[in-house]
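The paragraphs below go through a structure step by step, beginning with the sheets and ending with the contact between the chains. Please keep the sequence and the 3D view open while reading.

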Protein chains: 2
Amino acid sequence: MTEAMVPAGQYTVRLHNLRLVLTEIATAPGSRADLAQRTGLTKATVASLADPFIERGILLEGHPEAAGPGRPSRLLSFHPDGPVAVGVEINVDYTALSLVDLTGRLVSYQRAEVDNRVLSAVEIVATAGRLCRDFLTGTARPLLGVGLGVPGAVGPGGVVVRAPNLPALNADRVGARFAGELPPALATTVLVENEANLGALAWSRAAADVEPNFVYVSGEIGVGAGLMVDGELFRGVHGFAGELGHIVVERDGPQCGCGGRGCVEQYAGQDVLLAAAGSASVEALEAAVLRDDPAALAAVAQAGAALGVGLASLLNVVDLPLVVLGGLYARLYEVITPALQRELRQRALSSGRGGAQLRRSELAGDAAVRGAAGLIVDRALKQPLRLTGFAG
Amino acid sequence: MTEAMVPAGQYTVRLHNLRLVLTEIATAPGSRADLAQRTGLTKATVASLADPFIERGILLEGHPEAAGPGRPSRLLSFHPDGPVAVGVEINVDYTALSLVDLTGRLVSYQRAEVDNRVLSAVEIVATAGRLCRDFLTGTARPLLGVGLGVPGAVGPGGVVVRAPNLPALNADRVGARFAGELPPALATTVLVENEANLGALAWSRAAADVEPNFVYVSGEIGVGAGLMVDGELFRGVHGFAGELGHIVVERDGPQCGCGGRGCVEQYAGQDVLLAAAGSASVEALEAAVLRDDPAALAAVAQAGAALGVGLASLLNVVDLPLVVLGGLYARLYEVITPALQRELRQRALSSGRGGAQLRRSELAGDAAVRGAAGLIVDRALKQPLRLTGFAG
């Protein structure tokens, strides 16, 4: 049987074209004529696809504007009161929340310091649920669903396979549990993903020049990485790909929470770094660095060197051309990169060929929670008939 | 433009079906009726596709055999005098050669001890060329082309990007150079690939139960790995993916030829292992292990532990479910795996979830050179019109 001999049905073609038009509008609004040109469809097809979405208040047709010669055109854009996606990030020492619209714009954001380490799985999820319900109070816009980020590997079915820094979540069906915390109207599927992977997704969407192959480094209490390969997340068979925090720096080094010794996290994780610098918080460390405090600078350089050793090993496994530093490392970018770069130059085999470029994530702290909502936005744009069904 | 609306041409369909029929015959011979059933094509289509290949002596139609009830059927198989592919492996301390037929069977194999380290790129290739010409003398079968394995990363265009253990080949266009050593009749394109990647390809073809995700570990003087992800080689942007030998075990460990320190190769590479065991050759080490020589056993266990640390870091980056040990490590499998397994269990995050299974490669020494010829066999089966053009 040759696949190419199976004709595409009307339904498939319409769905494909609908995705095309909505994704174009999400990138930049345009008139029917603009969109026809950008997608290669006819103006009539664009109109027939867009009209049901205008009727349901998902797309907005603007006032006529005479931008150039000829008849004035009306811009199609996503409606400012249209549906939004919810992002929730449960991390080791905080919980963050976001609302993101269909264009990927962050509509609102909130972060609460919560020491989830002292809580059970039930308490962690109940606390996040309460924060989420409060966050959504007063939101009049239709909600598309919830993306949930966690500091651990996520396996099939949204189960947390292992969260070394938040072991209460190990083996927990956190997605199903969180759905139980939501009002019935929001009891849609909750999509769960590792926070470093979400950071990678968010960064690839926010970056102006889209590089389809990169490592996104998420530096929090845990150190993780999201691997983007040809524009897709590389997750591994159990969800453990990109566990940068548990690459070995010194095999006989300090005991790690994962059961191993001398892992990257034991040199470059937030807790270790703050202790070495004698700082009580990340803000205190940033202040100490700004006033050139020698202990703070030395601690950051040591963390950078260990992170560089781990990243060199990682690059010698996956050979990606770009490393994006997020979280804590984005905040300390200027002071942490020299030692990190030195290790990469010495140890990464690709360094002789230009190696991997190093960049600071502009998203820093809110990357994962934006990525969490982004999961839902992506699903909506891929399955746009959900949008009309939902709003109709 | 929707891709699904572009109709497939006659030519595309015929090519697709031809690939299907030839690949089925390569897997197991069959009558026209068998092949029609196995491919979903009609018997007439199978016949029209196969006939030109029978005429050109690539396929053989056997004598009628009355295997079951009804009319006797004739088996279609690849002709025993039909075309073969040439594999050449230039490694650090040997050069190996193979002939492989279109079913993937190894027709002949030869290995010559050559210390390529003391030679220039010109000398290395000239020596391999002479060995190859001698190897092919007397071969009456048509030759499809040459696959060439090298102990280094291979970039676009078949350039050796970097060969830490054979630096004479760094930046060398070894494929084009080797083509110049071949008789004009064989001056087809030479395909070049890293030897660990070729081992992975050969193993995946030889394995009875095909697992599409695994790490193939090639243990020679250099230590490398081929990463197979969803049935495709994962090569990285510059060709440096899977450089297991240069994952860090101890950041302040012994200086490595790559410029780094404390890399896997400095603990588990063949030269280091032989020196630690006090053995003059791999054969001597195997003999010492067989007679329970304490120094040999301790040296192998130490190499296994370091290899385990490196593999744990590798698995924490790519999370694959199977590790296949080849080369030196396949020969020492029983004695090297206990220490290796111990490190994996302790350090690989996936170990709590069943982790990665460990297996010994049945191919051991000839994996890479079989894989090299396999590159050419694959190309021939994917572009079968080359076969008729070539033999016609």
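In chain A, five strands make up an open sheet with the order β12-β11-β10-β13-β14, and their pairing is mixed. The strands at the edges are β12 (232–234) and β14 (357–360) of chain A; each has a single partner strand, so one side of each is left without a neighbour in the sheet. On average, and with direction ignored, neighbouring strands of this sheet are turned by 30° against each other. The model described here is predicted.

Strand β10 of chain A, residues 214–219, pairs with strand β11 of chain A, residues 223–229, in the antiparallel sense over six bridges. One residue pair can be picked out: Val217(A) has Ala225(A) in β11(A) as its bridge partner. A helix also belongs to this picture. Helix α10 of chain A, residues 294–318, lies across β10, β11 and β13 (322–325) of chain A, and it runs at about 30° to β11(A).

Strands of a sheet pair through backbone hydrogen bonds, in either a parallel or an antiparallel way. The next sheet is described in chain B. There, an open sheet of five strands has the order β5-β4-β3-β6-β9, again with mixed pairing. Its edge strands are β5 (106–113) and β9 (190–194) of chain B, each of which pairs on one side only. Neighbouring strands of this sheet are turned by 15° against each other on average, direction ignored.

Two helices pack on this sheet of chain B. Helix α6 of chain B, residues 195–206, touches β3, β6 (143–150) and β9 of chain B, and its direction makes about 95° with that of β9(B). Helix α13 of chain B, residues 367–382, touches β3, β4, β5, β6 and β9 of chain B; its direction makes about 140° with that of β3(B).

The pairings on one side of this sheet can be read strand by strand. Strand β3 of chain B (residues 84–90) and strand β4 of chain B (residues 94–101) run antiparallel and are joined by seven bridges. In this pairing Val84(B) stands opposite Asp101(B) in β4(B). β4(B) also pairs with β5(B), in the antiparallel sense and over seven bridges. Here Leu97(B) has Gln110(B) in β5(B) as its bridge partner. β4(B) and β5(B) form a hairpin with four residues between them, and in the turn Gly104(B) has a positive phi of about 90°.

Salt bridges come next. Over all chains the structure holds 36 of them. In one of these, Arg235(A) pairs with Glu193(A), with the closest N and O atoms 2.9 Å apart. This pair links distant parts of the chain, 42 residues apart: Arg235(A) is in the loop between β12 and α7 (265–268) of chain A, whereas Glu193(A) is in strand β9 (residues 190–194) of chain A.

How do the two chains relate to each other? Chain B is superposed on chain A by a rotation of 180° with 0.0 Å of shift along its axis, with an RMSD of 0.1 Å. That is the relation of a two-fold axis. The C-alpha of chain B nearest the axis belongs to Glu250(B), at 2.2 Å from it. The same surface serves both copies, as 98% of the contact residues of chain B recur in chain A.

The contact itself takes 57 residues from chain B and 56 residues from chain A. About 4,700 Å² of area is buried between chain B and chain A, and carbon and sulfur atoms give 59% of that. On the side of chain B, Arg251(B), Val317(B) and Leu349(B) lose the most area to chain A, together 18% of what that side buries.

Polar and charged pairs also cross this interface. Between chain B and chain A, 32 residue pairs are in polar contact. Two salt bridges are found across the interface of chain B and chain A. One salt bridge joins the side chains of Glu250(A) and Arg251(B), at 3.5 Å from N to O. Several elements of chain B each supply at least two residues of its side that touches chain A: α1 (10–27), β8 (160–162), β11 (223–229), α10 (294–318) and α12 (333–347). With nine residues, α10(B) gives the most to that side of chain B.

Note on methods:
Residues numbered from 1 in each chain as written. Chains lettered and ligands numbered in written order. Predicted model: local features only at pLDDT ≥ 70, side-chain atom pairs only at ≥ 80, totals over all residues. Heavy atoms only, no water. Pairing = 2+ DSSP bridges. Axes fitted to C-alpha atoms, helices over the stretch in contact; angles between N-to-C directions. Contact = heavy atoms within 4.5 Å. Least-squares fit on C-alpha atoms with pLDDT ≥ 70 in both. Buried area = accessible area lost by both parts, 1.4 Å probe. Salt bridge = Lys/Arg side-chain N within 4 Å of Asp/Glu carboxyl O. Polar contact = N/O pair within 3.5 Å; in protein donor to acceptor, adjacent residues only side chain to side chain.
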